[in-house]
2 protein chains.
Amino acid sequence: MNKIRAVVFDAYGTLFDVYSVTARAEQLFPGKGEALALLWRERQIDYTRLRTMAAPDGALYKPFWALTVDALRYAAERLGMKLDEATEAQLLKEYACLSAFPENLGALKRLRRAGLPLGILSNGNPEMLDISVKSAGMHGLFDHVLSVDAVRQYKTAPAAYALGPQAFDLPAGDIVFVSSNGWDACGATWYGYKTFWINRAGHPAERLDVAPTGTGHDMNDLLAFLAASGVAV
Amino acid sequence: MNKIRAVVFDAYGTLFDVYSVTARAEQLFPGKGEALALLWRERQIDYTRLRTMAAPDGALYKPFWALTVDALRYAAERLGMKLDEATEAQLLKEYACLSAFPENLGALKRLRRAGLPLGILSNGNPEMLDISVKSAGMHGLFDHVLSVDAVRQYKTAPAAYALGPQAFDLPAGDIVFVSSNGWDACGATWYGYKTFWINRAGHPAERLDVAPTGTGHDMNDLLAFLAASGVAV
């Protein structure tokens, strides 16, 4: 097994806790907030995939923040919710300024002290990643904050995953890619990374004929996985 | 506007009514059948997209029927349902042998009598399409039954939509592509078809910065659209 020389994280749902979005939606639309948040998230991801599949050359690419707005408007309309400008702005602000999962900051700082190069590789566009990293208190913890915006193709396109090895100048097999999305962990495994799936929700494994290198419930389990793989953390 | 020289249909949900699958799931798992059918369908489509995006060369392609089985197993496991072999076989049989939507057969026969070349262009693999066409009573109505299996890329990949113009030897702009899936109608519009979205569920338009050429509620609305476009039906 290759030595682990860097760790790259997915952002939304992995580093940043998106639960506050559901809570705010529920506050604004009592009894329907969870449905709104779920459909919003579903369409947000659908739109990344439809655009990348339909135009591998990036001709239909639109930044993640714009897709996030599109998806919110679709979800609200479909669920029959009136989304005036102020309400939309509140929901979007909640999405822009997320918190870190409680154990994440400590775990990232420990990895940083261990001298392991760290990065983010996200569907998010650079502007939104910049705000999210700062509002989650993670400024200065990463060597590279990588956005698929550079290649105008969303995950699971190979060009998107290729950004990690390129930035760190390492083979994918020397990098651990960490995601809380099962499909993202699978996509990165297909690409050639070592992978760790933070299965916070306790979901079954995606049936994609590929398995992440490791799986756990939170970032502390990632630390244990790295230690067991020979990284001094 | 180009003259309309052929009509190509999506299959599942457009020609074939997949509601019976939900009904059977509900019968087998009272109170949870609809959730199972929804998650099953969601993962079935997710798996097509993840595989095509991750490997545009088709290296991760797996036929739609196999993905349908994978998705059912995932959905059942996630919802905590025990899926023994007999139950799984019943649900899959329901999916294999679907009925036509009530107005479809009459509409297709009218188009056929009008002399318009007709086709199917589906994510389904040839074997499952063959069974579905026969069990829906549509045998002999189509000039071409096209499966993305030929190119090992799922919709919305351009190679998938290209099968229509290739088979009919017509520019995409001379063909009407018909789908009940908003995203599929948008994908075909991006590709260059004239498109008609059969919006059976009354959903809002997908926010993909593109609109189908026409929209209606059922196949009779398609006939009206074709008549208004100069086709003698």
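Buried means under 20% relative accessible area, exposed over 50%, and partly exposed in between (1.4 Å probe, protein chains only). This is a predicted model, where local features need pLDDT of at least 70, side-chain atom pairs count only at pLDDT 80 or more, and totals for chains, interfaces and linings use all residues. Side-chain values use heavy atoms, without hydrogens or water, residues are numbered from 1 along each chain as its sequence is written, and chains are lettered from A, with ligands numbered from 1, in the order in which they are written.

View 1. B:Lys62 pairs with A:Asp209 in a salt bridge (2.8 Å, N to O); the term covers a side-chain nitrogen of Lys or Arg within 4 Å of a carboxyl oxygen of Asp or Glu. B:Lys62 sits in the loop between helices H2 (33-54) and H3 (64-78) of chain B, and A:Asp209 in the loop between strands E7 (194-198) and E8 (214-216) of chain A, so the pair joins two chains. Helices (H or I, at least four residues) and strands (E, at least two) are DSSP runs, numbered from the N terminus. B:Lys62 is buried at 18% relative accessible area, while A:Asp209 is exposed at 57%. B:Lys62 also has a salt bridge to B:Asp70, with the closest N and O atoms 2.8 Å apart, and B:Asp70 is buried at 10%.

**View 2. B:Glu88 meets B:Arg73.** Their side chains form a salt bridge (2.7 Å, N to O). The pair links distant parts of the chain, with B:Glu88 in helix H4 (residues 85-96) and B:Arg73 in helix H3 of chain B, 15 residues apart. B:Glu88 is buried at 12%; B:Arg73 is partly exposed at 34%.

**View 3. Around A:Phe16.** A:Phe16 lies in strand E2 (residues 16-17) of chain A and is buried, with a relative accessible area of 0%. A:Ala100 is 84 residues away in sequence, yet the two C-alphas are 4.6 Å apart. Leaving aside neighbours within four places in sequence, A:Phe16 has contacts (heavy atoms within 4.5 Å) including A:Leu98, A:Phe101, A:Val133 and A:Met138.
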